[in-house]
Amino acid sequence: MRNRIASLVESSLHAANTAQELTLSTFPSVIIGTPANSDHGDFSCNIAMQMAKEERKSPRQIADIVIRHLGNGNGMLARTEIAGPGFINFFVSPSAWQSCLLEIESQGDSFGCTTTGGGEKLQVEFVSANPTGPLHIGHGRGAAIGDTLCRILAAAGWDVTREFYYNDAGAQITNLALSVQSRCLGIEPDDPRWPDDGYQGEYIKDLARSYQACEVVEASDQHTTALGDPDNLDAIRSFAVAWLRREQDLDLAAFDVRFDVYTLESGLYSAGRVDAVVRQLTANGHTYEQDGALWLRTTDFGDDKDRVMRKADGGYTYFVPDVAYHLDKWERGFTRVINEQGADHHSTITRVRAGLQALHAGIPKGWPEYVLHQMVTVMRGGEEVKISKRAGSYVTLRDLIDEVGRDATRFFFIMRKPDAQLVFDIDLAKRQTNENPVYYVQYAHARICSIFENAADKGFLIPDNPSPDELACLTTTEELQLIKLLSALPDTVVDCAIHFEPHRLTYFLTELASCFHSFYNKNRVISEELALTKARLYLLKRTAQTLKSALSILGITAPERM
RNA sequence: GCGCUCGUAGCUCAGCUGGAUAGAGCAACGGCCUUCUAAGCCGUAGGUCGUAGGUUCGAGUCCUACCGGGCGCGCCA
């Protein structure tokens, strides 16, 4: 509806220009807003005020010209008005709103989807947790935001690939292997032989036991049988990675998050891609030797200090394989890449982009794009739960899902803007009361389904593809408001996709549920009036459809009973 | 100190690429179930949008400076 009005205004502007009532031949892009106050109509446009200065006419004069060339859009508009300093307000006719329902029906399960992205190849990398421990709450937020973003972008017409990168080659993996080895040998963390910065979590004990029992591990891309030999550090290393990968896979599966591609850091080394990147950077003249290390002059590309690529001990710093990895993404044809990660890693952005620029590979400056989520604070019993991976005392994603449920966990993680800090109150999320917005929304869906059951018992059939006459009785403010909200789903999904902000969809759902609950309390659906009953059942059918579509984009179920 | 980010009602937060009288939930108070799910609805109360300047027809939104919280600033990842 919004788009239709926008194009109506655009053609009006051109018509006015042809009639020489407007002198400008190019116009600012037409933005259709939704007024906060319903007295100001269903939509409004500020184009007249934007053009006033250049056009050298008063905003109200321009608005008047636009309106005269506007017509009523084939009956779409009941009326238009000029208001305030020069707003053009649009009042959509009830019949136009009613016909939106038919459009929603015709789109079925794909209602909410658009072709905005034009099928562009786009990759989202998210979670990418190191295989050194179970997924914790911070990963949970990343998983929820990343996964939802993928669903949103796919719905908005992008060709989305979901990718998980894991660092199975760095110093922290050696550290992991040493920790497991120590446990195999019965060395405790307070023992002087315990490795510096060893991983102390309970899971390391489980891992060691599993290794010594020569167990077999099948993970998404890791298949390993433990040798059981505590002296074979390489065997421990690969087994430990596989074992933790399996744990993470189970966590993600429990969260209904899946990936298309897993890329291993070790694979970049074995394919020679890391060395190739270093050679290229050196050949391009952006490196220098100092203090026995090889440096990249990232300051040439906006970084605040140069970065070490190859340490004095000969090993590479993590950021070199990172650059190699992103070059690989580029070469796979992803003109757009979005990396979803914790804000504590934000310093890598400049570094990675600088490395990519220094390759002279024709990669755009702002590539890849980033979505950073802020820290999660976990509250339990009114106290903050401290997260410490080394000490092993932390709330895992799995704990949370088991305790709170998948739907509520997903909803809570995405209902805040990614770049705002999030307080996850476990006690609150567990409460199955109206304090919990996810139940509020799901309840609306269940309530509608319950009405359908009652209607079926009384022999009412919900019409398919009803005629305009059959819908003409949907005229109350609540009914039209409900339709207006339903029809906003596709725009909302596009907004989420463009701004990388899934939380907008949770607000949409809450508003829609609220609108339905109001309607429900004010009006009886099943009544003596046959025509009205049928029309309202149809309206609710479309409401349930919209709730379900939006929830499914968030990966949340739409229960039929609660 | 430098960089990123946040600061809106008692609390948790929205505010749609700058728009009209700043919104929601929770908490508080008062109402609504002999009829489709009260996990609901309606109403009341609650604000100097951190502070001070600036940009313009118009600023919670953009710019600058300061104040306050978080994160980062390693030859760790």
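Is Glu188 buried, partly exposed or exposed, and at what relative accessibility? I began with this entry and found that Glu188 counts as partly exposed at 41% relative accessibility, where buried means under 20% relative accessible area, exposed over 50% and partly exposed in between, with a 1.4 Å probe and protein chains only.

I note that this is a predicted model, in which local features need pLDDT of at least 70, side-chain atom pairs count only at pLDDT 80 or more, and totals for chains, interfaces and linings use all residues. Residues are numbered from 1 along each chain as its sequence is written, chains are lettered from A and ligands numbered from 1 in the order in which they are written, and side-chain values use heavy atoms, with hydrogens and water left out.

I then looked up the partner of Glu188 and found Arg183, in a salt bridge at 3.4 Å, N to O; the term requires a side-chain nitrogen of Lys or Arg within 4 Å of a carboxyl oxygen of Asp or Glu. Arg183 is buried, with a relative accessible area of 11%.

I looked next at Lys57 and Glu55, whose side chains meet in a salt bridge at 3.3 Å, N to O. Lys57 is partly exposed at 23%, whereas Glu55 is buried at 4%.

For Arg273 and Glu331 I noted a salt bridge with the closest N and O atoms 2.7 Å apart. Arg273 is partly exposed, at 23% relative accessibility, and Glu331 is exposed, with a relative accessible area of 51%. I also recorded one network, joined by salt bridges that share partners, of Asp147, Arg151, Arg162, Asp256, Arg406 and Arg410.

My search of the whole structure finds 34 salt bridges.
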